[in-house]
Amino acid sequence: MNALVIIDVQNDFMPDGSLGVPEGDDIVRVINSIQDCFDLVIATQDWHPHDHVSFASNHHGKAVFEKIDLDGVGQTLWPDHCVQGTKGAGFHPDLETHRFAAIFRKGMNPGVDSYSGFYDNNHQVSTGLAGYLREKGVTKAYFCGLASDICVYYSIKDALAEGFPSVFIEDASKPLNKESFEDQKKELAGLGVRIISSSDFF
Ligand code: VGL
Ligand code: ZN
């Protein structure tokens, strides 16, 4: 049983969004083209309250992309993004959603950020995704979406820790920072993650 986990393909992460990922919109047709290759398709949404701790606007005197210490964990301060119920939090309008069996939302606790689709950044609260995949009998998890170096990367690390053999579909994902992602990609490969292209399905 293989599952495709589509991470955060939301309007605010598109090039014209508030936290735009370069070429983020290019992956939409790629993701649409591969969905039928999977037994199970699920998606995640970054889903923040307006007073979320990751927003620079909620820290007096702090600038966007500045890093702060939050209970001993480094926290990058982002532009306001993916605010619950806003257009920016919605899926890209061209993303095919009819095969989504479930949508897991994350980042709802105003005091904690949540990059991974499995756990918050403190690794204390689960979204239930690992249990869901396990109960569905998933034996291999394929990951794609935005951004490769943040939410996709942390989701894959948690998937490995949960014991799911994991595959990263590179051209169905885009990083916020291309340079730093190269090292992360090597790290994932070293951990046994298979890195493939959508063309490998055809
Ligand atoms: C993300 C930064 C902040 C992501 C979410 O989906 O990669 N990045 N929140
Ligand atoms: Zn976020």
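Asp8, Phe13, Leu19, Asp46, Trp78, His81, Tyr115, Leu146, Ala147, Ile150 and Cys151 are the residues around ligand 1. The model is predicted. Sorted by class, this shell consists of eight nonpolar residues, one polar residue and two charged residues. Ligand 1 sits in the largest cavity.

The side chain of His81 has an N or O atom 3.1 Å from a nitrogen atom of ligand 1. Two further contacts involve the backbone: a polar backbone atom of Cys151 is 3.2 Å from an oxygen atom of ligand 1, and a polar backbone atom of Leu146 is 3.4 Å from an oxygen atom of the ligand. On its own, ligand 1 has 260 Å² of accessible area, and the protein covers 99% of it.

### His81

Where in the chain does His81 lie? His81 belongs to the loop between β4 (73-76) and β5. His81 counts as buried because its relative accessibility is 3%, and buried means under 20%.

### The Leu146-Ala147 peptide bond

Leu146 and Ala147 are joined by a cis peptide bond, with omega at about -20 degrees. Ala147 is in the loop between β6 (140-146) and α3 (148-161).

### Gln10 and Asp46

The backbone nitrogen of Asp46 has a polar atom of the Gln10 side chain at 2.7 Å. Gln10 lies in the loop between β1 (2-7) and α1 (27-34). Is Gln10 buried or exposed? The relative accessible area of Gln10 is 0%, so this residue is buried.

Ile7 is found in strand β1. Ile7 also counts as buried, because its relative accessibility is 0%. Ile7 and Ser155 are 148 residues apart in sequence, while their C-alpha atoms are 8.4 Å apart in space.

### The loop between β2 and β3

The His52 side chain reaches the backbone oxygen of Asn109 at 3.3 Å. Asp51 has its place in the loop between β2 and β3 as well, but Asp51 counts as partly exposed, at 41% relative accessibility. From Asp51 to Glu96 the C-alpha distance is 30 Å, for a separation of 45 residues in sequence.

Phe65 is found in the loop between β2 (40-46) and β3 (67-70). The phi angle of Phe65 is near 75 degrees, which is a positive value in a residue other than glycine.

His123 lies in the loop between β5 (100-106) and α2 (129-135). Its relative accessible area is 45%, so His123 is partly exposed.

Phe202 is placed in the segment after β8 (194-196). Why does Phe202 count as exposed? Its relative accessible area is 64%, and exposed means over 50%. Phe202 and Cys151 are 51 residues apart in sequence and 27 Å apart in space, C-alpha to C-alpha.

### Pairs by sequence and space

The C-alpha pairs are collected here.

| Pair | Apart in sequence | C-alpha to C-alpha |
|---|---|---|
| Asp51 and Glu96 | 45 residues | 30 Å |
| Phe202 and Cys151 | 51 residues | 27 Å |
| Ile7 and Ser155 | 148 residues | 8.4 Å |

Technical notes:
Residues are numbered from 1 along each chain as its sequence is written. Chains are lettered from A and ligands numbered from 1 in the order in which they are written. This is a predicted model: local features need pLDDT of at least 70, side-chain atom pairs count only at pLDDT 80 or more; totals for chains, interfaces and linings use all residues. Side-chain values use heavy atoms; hydrogens and water are left out. A residue is near a molecule or strand if one of its heavy atoms lies within 4 Å of it. A polar contact is a pair of N or O atoms within 3.5 Å; within protein, one must be able to donate a hydrogen and the other to accept it, and residues adjacent in sequence count only if both atoms are side-chain atoms. Accessible areas come from the Shrake-Rupley method with a 1.4 Å probe; for residues, only the protein chains shown count as cover. On a 1 Å grid over the protein atoms alone, a cavity is a set of points where a 1.4 Å probe fits but cannot get out, and a pocket is an open set with protein on both sides within 12 Å along at least five of seven lines; lining residues have an atom within 4 Å of a point. A molecule sits in a cavity or pocket if more than half of its atoms lie within 2 Å of its grid points. Ala, Val, Leu, Ile, Met, Phe, Trp, Tyr, Cys and Pro count as nonpolar, Asp, Glu, Lys and Arg as charged, and the others, Gly among them, as polar. Helices (H or I, at least four residues) and strands (E, at least two) are DSSP runs, numbered from the N terminus. Buried means under 20% relative accessible area, exposed over 50%, partly exposed in between (1.4 Å probe, protein chains only).
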